[in-house]
Amino acid sequence: MLAIVLRLFILLELAIYVAFSLRYLALSVTGAVLFALACLLWLRLWLTAVTFAYAWFYRSPSARLGWWPWIRMFLAEYAAIIANFVLLSPFEREWMGADRLMPSQGRPPLLLIHGFWCSRAAWWWLRPRLEVDGWVVATINLEPVNTSIENYVAPISRRIDEVLAETGAEQVILVGHSMGGLAARAYLRRFGVAKVARLVTLGTPHAGSELARIGFGQNARQMRPGNAWLKALAREVPRVDTLTIFSPHDNYVMPQSNLELLGGPSQLINGLGHLSMLYSPRVAEALLDGFARPLDQ
């Protein structure tokens, strides 16, 4: 469903730009198409700048970045928003295909859970890199996109059962990006840890994000700092080995201290935006190192 919505939105957006340029700028058809593409890219550039401006206003104390690392972080985040919302998610089936589930060879399979207004296409870059290291990787689409996070718990439970049945494993490792980490915690709160060996969160707003105040949908409201749902979730710390990986320069979760989850180890990766975590070799390395940690650490 999300892929269809995104395709229609992009087509409508391009049609508006083309119609405007033909009517008011008197461009040729080719010029109008190029103008429309430029406007599409410019809008994503502007949205990226807005998120960083918002993040700066609500920033937590962190290590200062020089100009070049900051520019590189901004450009990587801009590329990530185009990759995720223009190229990958609108064509999720074409890019992702079916999960390649097989006997887990003594390792728990991974279940990757995407974030707000994303799909399993968010894992297009990371999934093959985890598979090359020998991990069996499963994904899931959380739909509808604007429902309560609690409504994702049952689909996650069913997907876990499917993955365990197909791989012969007894437990999975849950990996959640952004809202996906909250959905994983909601699953653990309702169903417990019997089928989960470890939880790893990437850029998850464990204490909410100020940016969620301008979001829409019940799940956006549940990610606003101090709301009743987050408070209830915070009262139950995950009873499973947990690792939080996040950037102190995150441009979606702010203040960035809200990315921390008390009671477990964490790993900071400087100079990364929120979406570009999904395309970062440093994040892939941190994940693989985290998976390799003995469960009793």
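How many cavities of 30 Å³ or more does the structure hold? The structure holds one such cavity, where a cavity is, on a 1 Å grid over the protein atoms alone, a set of points where a 1.4 Å probe fits but cannot get out.

## Basis of the model

This is a predicted model, in which local features need pLDDT of at least 70 and side-chain atom pairs count only at pLDDT 80 or more, while totals for chains, interfaces and linings use all residues. Residues are numbered from 1 along each chain as its sequence is written, and side-chain values use heavy atoms, with hydrogens and water left out.

## The cavity

The largest cavity contains about 60 Å³ of space, a volume being the space filled by probe spheres set on the grid points, which are joined across faces, edges and corners. Its lining is formed by Arg-185, Leu-188, Arg-189, Val-193, Glu-236, Val-237, Pro-238 and Arg-239, where lining residues have an atom within 4 Å of a point. By class, this lining of the largest cavity has four nonpolar, no polar and four charged residues; here Ala, Val, Leu, Ile, Met, Phe, Trp, Tyr, Cys and Pro count as nonpolar, Asp, Glu, Lys and Arg as charged, and the others, Gly among them, as polar.

Helix H1 covers residues 2-24, and its axis comes within 8 Å of that of H2, the two crossing at roughly 125°. Helices (H or I, at least four residues) and strands (E, at least two) are DSSP runs numbered from the N terminus, and axes are lines fitted to C-alpha atoms, for helices over the stretch in contact, with angles that run from 0 to 180 degrees between N-to-C directions. On the H1 side the meeting residues are Phe-9, Ile-10, Glu-13, Leu-14, Tyr-17, Val-18, Phe-20, Ser-21 and Leu-22, and among their partners in H2 are Val-29, Phe-35, Leu-40 and Arg-44, contact meaning heavy atoms within 4.5 Å. This contact of H1 with H2 has 16 nonpolar, one polar and two charged residues.

Helix H2 (residues 29-57) also meets helix H3 (residues 67-88), with axes that come within 10 Å and cross at roughly 125°. H2 and H3 are therefore oblique to each other, since angles under 35 degrees count as roughly parallel, over 145 as roughly antiparallel, 65 to 115 as roughly perpendicular and the rest as oblique. Residues that make the contact include Leu-41, Trp-42, Leu-45 and Phe-52 of H2 and Trp-70, Phe-74, Tyr-78 and Ile-82 of H3, and by class the contact of H2 with H3 has 13 nonpolar, one polar and two charged residues.

## Helices H6 and H7

The axes of helix H6 (residues 153-167) and helix H7 (residues 179-191) come within 9 Å and cross at roughly 80°, which makes H6 roughly perpendicular to H7. In H6, Val-153, Ala-154, Ile-156, Ser-157 and Ile-160 meet residues of H7 that include Ala-183, Tyr-187 and Phe-191. Nine nonpolar, one polar and one charged residues make up the contact of H6 with H7.

## The two largest pockets

A pocket is an open set of points with protein on both sides within 12 Å along at least five of seven lines. The largest pocket holds about 1,000 Å³ of space, and of the 31 residues that line it, Phe-85, Phe-116, Trp-117, Phe-216 and Tyr-252 are the closest to its centre. H1, H2 and H3 each supply at least two residues of this lining, with the largest share, six residues, coming from H2. The lining of the largest pocket has 23 nonpolar, seven polar and one charged residues.

The second largest pocket has a volume of about 550 Å³, and of its 19 lining residues, Trp-56, Arg-59, Leu-65, Trp-70 and His-249 lie nearest its centre. H2 and H3 are the elements that give two or more residues to this lining, which divides into eleven nonpolar, five polar and three charged residues.

## Backbone features in loops

The peptide bond from Glu-143 to Pro-144 is cis, with omega near 0°, and Pro-144 is found in the loop between strand E2 (137-140) and H6. Ala-26, in the loop between H1 and H2, has a phi near 55°, a positive value in a residue other than glycine.
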